[in-house]
Structure formats: structure tokens, C-alpha cells
Amino acid sequence: MYKICLNSRDELLIIDLDKIAFFQANGNYTQMTYIGGDSHLLSIGLAKAEELIRLTWPADRPSPFVRLGRSLMINQNFLSEINIFKQKLVLSDNAEHSYALAVPKPLLKDYKDRINELYLRRILKK
């Protein structure tokens with residue numbers, strides 16, 4: 001379990017990275033959404049959130065977070081569907097919570113191709 005601590009003048013926020021579904025840019029701020037539904041507006045940009053995750057995550061383990069374009073970073077552990085035609089990416093806990101996010105076709109196609117390549121490499125190594 002990896003956590004980030006964000007401290008501002010009026011607030012201290014402990015972020016449990018294992019439960020984050022996605023981060024989405026909102027101007028100079030970042031909207032953070034947990035898979036369970038809670039959401040917080042962070043007073044940092046998406047690039048800064050990405051940097052904090054990179055610094056927090058151990059170097060010997062791949063981070064589940066992937067950046068999709070300028071405004072979205074998702075937790076791949078919750079990825080359940082990519083639909084290029086509908087320009088939709090679905091994150092789900094396979095229970096009661098799911099989020100359908102609108103993502104441009106080129107980003108989805110590239111991401112889908114990267115995932116397929118990764119799975120093919122794993123299969124060929126066995």
C-alpha cells in the first residue's frame with residue numbers, strides 16, 4: 001500500500017494510491033477520483049501528481065498509473081474496457097463502481113496497442 005501526503009495551508013490529505021481510479025486535469029488543479037466514488041480537487045497540476053507518484057512508487061515495481069494525453073492519468077489495475085469506436089475507456093472494480101471516460105481515438109488506439117504488445121511479450125516468455 002503506497003500513500004502520498006499532500007499538505008497545504010488549510011488541509012492535510014493522505015492519498016491511498018491503490019484505491020485511486022484516475023486523475024484528471026482541471027485547469028491548474030487535478031481532480032482525483034477513488035474507485036469507490038470519493039473525489040477531491042487537488043491544488044497541484046497533473047504533472048506534479050505524476051511526479052509525486054513516480055517518487056513514491058518503488059523503483060523495483062512497475063507503477064500501475066499511466067498517462068493518457070495531457071489531461072488524464074489512470075490506474076491500470078481498474079482497466080476493464082477500451083472501445084476505440086465509442087472513444088471510451090472503462091475503469092471498474094468489477095463490483096459496484098465503474099467510470100466510463102471519454103478519451104480521443106488516437107490515444108486509445110496507441111494505449112490498446114501497447115497493452116497488446118505487453119501481453120504478447122509475457123506469453124512468448126513462457
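Let's start with the sheet. Three strands form it, in the order E8-E9-E10. The sheet is open, and the pairing is antiparallel. Keep in mind that this is a predicted model.

Which strands sit at the edges? They are E8, residues 79–83, and E10, residues 98–102. Each of these pairs on one side only. From one strand to the next, the twist averages 15°.

Now look at strand E9, residues 88–92. E9 pairs with E10 over five bridges, in the antiparallel sense. Find Leu 89 on your screen. Opposite Leu 89 stands Leu 101, in E10.

Next, a helix. Helix H2 runs over residues 105–125 and packs on the sheet. Which strands does H2 touch? It touches E8 and E9. The direction of H2 makes about 125° with that of E8.

Let's move on to the cavities. How many reach 30 Å³ or more? The count comes to one. The largest cavity has a volume of about 40 Å³.

Where do they come from? Strand E1, residues 3–7, and helix H1, residues 46–56, each supply at least two residues of the lining. H1 gives the largest share, three residues.

So, two places to look at. One is the open sheet E8-E9-E10, with H2 packed on it. The other is the largest cavity, with H1 and E1 contributing to its lining.

Notes. Residues are numbered from 1 along each chain as its sequence is written. This is a predicted model: local features need pLDDT of at least 70, side-chain atom pairs count only at pLDDT 80 or more; totals for chains, interfaces and linings use all residues. Side-chain values use heavy atoms; hydrogens and water are left out. Two strands pair if DSSP finds at least two bridges between them. Helices (H or I, at least four residues) and strands (E, at least two) are DSSP runs, numbered from the N terminus. Axes are lines fitted to C-alpha atoms, for helices over the stretch in contact, and angles run from 0 to 180 degrees between N-to-C directions. Contact means heavy atoms within 4.5 Å. On a 1 Å grid over the protein atoms alone, a cavity is a set of points where a 1.4 Å probe fits but cannot get out, and a pocket is an open set with protein on both sides within 12 Å along at least five of seven lines; lining residues have an atom within 4 Å of a point. Grid points are joined across faces, edges and corners, and a volume is the space filled by probe spheres set on the points.
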